[in-house]
Amino acid sequence: MNGRQRQQGMGLWSMLFVFGVIGFVALVTIKCTPIYLAHLEIQTAVNDVAADSSYANASPFEIRRALQRRFDIDDVKQLKTKDIKIQRDDNTRVISYDYEVRVALFANLSLVIQFKDAVRVQTS
């Protein structure tokens, strides 16, 4: 017992805890990445339609049709064009959306992510 030094390093339970935290973070990242990539496609489609000044005086039907074309190309399934609100504000149109996505993590634990944005259609 005279030559025994103090033990250094992590024990078994500490390593299991660290690996558990790393695994949980990896699981959440793997589940959330496709949701955020799909939202990026939605945001890009809405911004591209809003940047086109030809839609400044277009009807809501025409704007939704243009968005639906973009959603079909990008294979967007999280948001329907009927859920997009198109309103007139100070002689311009405002395209807004508000939706949430639920993804099951494990057992009865789910993750809810909410997206909300409003974009003004540019005039000439």
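Two strands count as paired if DSSP finds at least two bridges between them. The legends below describe close-up views of a predicted model.

**Figure 1. Strands β1 and β2 pair and form a hairpin.** β1 and β2 (residues 92–106) run antiparallel to each other and are joined over five bridges. Isoleucine 86 stands opposite isoleucine 95 in β2, and glutamine 87 stands opposite valine 94 in β2. Two residues lie between the strands of this hairpin. Aspartate 90, in the turn, has a positive phi of about 50 degrees.

**Figure 2. Strands β2 and β3 form a hairpin.** The two strands run antiparallel, with 12 bridges between them.

**Figure 3. Three strands make an open sheet.** Strands of a sheet pair through backbone hydrogen bonds, either parallel or antiparallel. In this sheet the pairing is antiparallel, and the strand order is β1-β2-β3. β1 (85–89) and β3 (109–120) are the edge strands, each pairing on one side only. From one strand to the next, the twist averages 20 degrees. Helix α1 lies across β2 and β3, and its direction makes an angle of about 165 degrees with β2.

**Figure 4. Helices α1 and α2 cross.** Two packed helices are described by the angle between their axes and the distance between the axes. For α1 (residues 12–51) and α2 (residues 60–74), the axes come within 10 Å and the crossing angle is roughly 145 degrees. The crossing is right-handed. On the α1 side, the residues in contact are Glu41, Ile42, Thr44, Ala45, Val46, Asp48 and Val49. On the α2 side they are Ile63, Ala66, Leu67, Arg70, Phe71 and Asp74. Sorted by class, this contact has eight nonpolar, one polar and four charged residues.

**Figure 5. A salt bridge joins aspartate 48 and arginine 70.** Side chains of opposite charge can pair when their charged atoms come close. The N to O distance between aspartate 48 and arginine 70 is 2.9 Å. Aspartate 48 belongs to helix α1 and arginine 70 to helix α2, so this pair, 22 residues apart, links distant parts of the chain. Are these two residues buried, exposed or something in between? Partly exposed covers relative accessible areas between the 20% limit for buried and the 50% limit for exposed. Aspartate 48 is partly exposed because its relative accessibility is 38%. Arginine 70 is partly exposed because its relative accessibility is 25%.

**Figure 6. Arginine 120 and aspartate 89 form a salt bridge.** Their closest N and O atoms are 3.2 Å apart. The pair connects distant parts of the chain, with arginine 120 in strand β3, aspartate 89 in strand β1, and 31 residues of separation. Arginine 120 has a relative accessible area of 44% and is therefore partly exposed. Aspartate 89, at 31% relative accessibility, also counts as partly exposed.

**Figure 7. Aspartate 75 and lysine 77 form a salt bridge.** The closest N and O atoms of this pair are 2.5 Å apart. Both aspartate 75 and lysine 77 are exposed. How many salt bridges does the model have? The count comes to four, and the pair of aspartate 75 and lysine 77 is one of them.

Key: Residues are numbered from 1 along each chain as its sequence is written. This is a predicted model: local features need pLDDT of at least 70, side-chain atom pairs count only at pLDDT 80 or more; totals for chains, interfaces and linings use all residues. Side-chain values use heavy atoms; hydrogens and water are left out. Axes are lines fitted to C-alpha atoms, for helices over the stretch in contact, and angles run from 0 to 180 degrees between N-to-C directions. Helices (H or I, at least four residues) and strands (E, at least two) are DSSP runs, numbered from the N terminus. A crossing is left-handed if the near helix is turned anticlockwise from the far one by less than a right angle, and right-handed if clockwise. Contact means heavy atoms within 4.5 Å. Ala, Val, Leu, Ile, Met, Phe, Trp, Tyr, Cys and Pro count as nonpolar, Asp, Glu, Lys and Arg as charged, and the others, Gly among them, as polar. A salt bridge is a side-chain nitrogen of Lys or Arg within 4 Å of a carboxyl oxygen of Asp or Glu. Buried means under 20% relative accessible area, exposed over 50%, partly exposed in between (1.4 Å probe, protein chains only).
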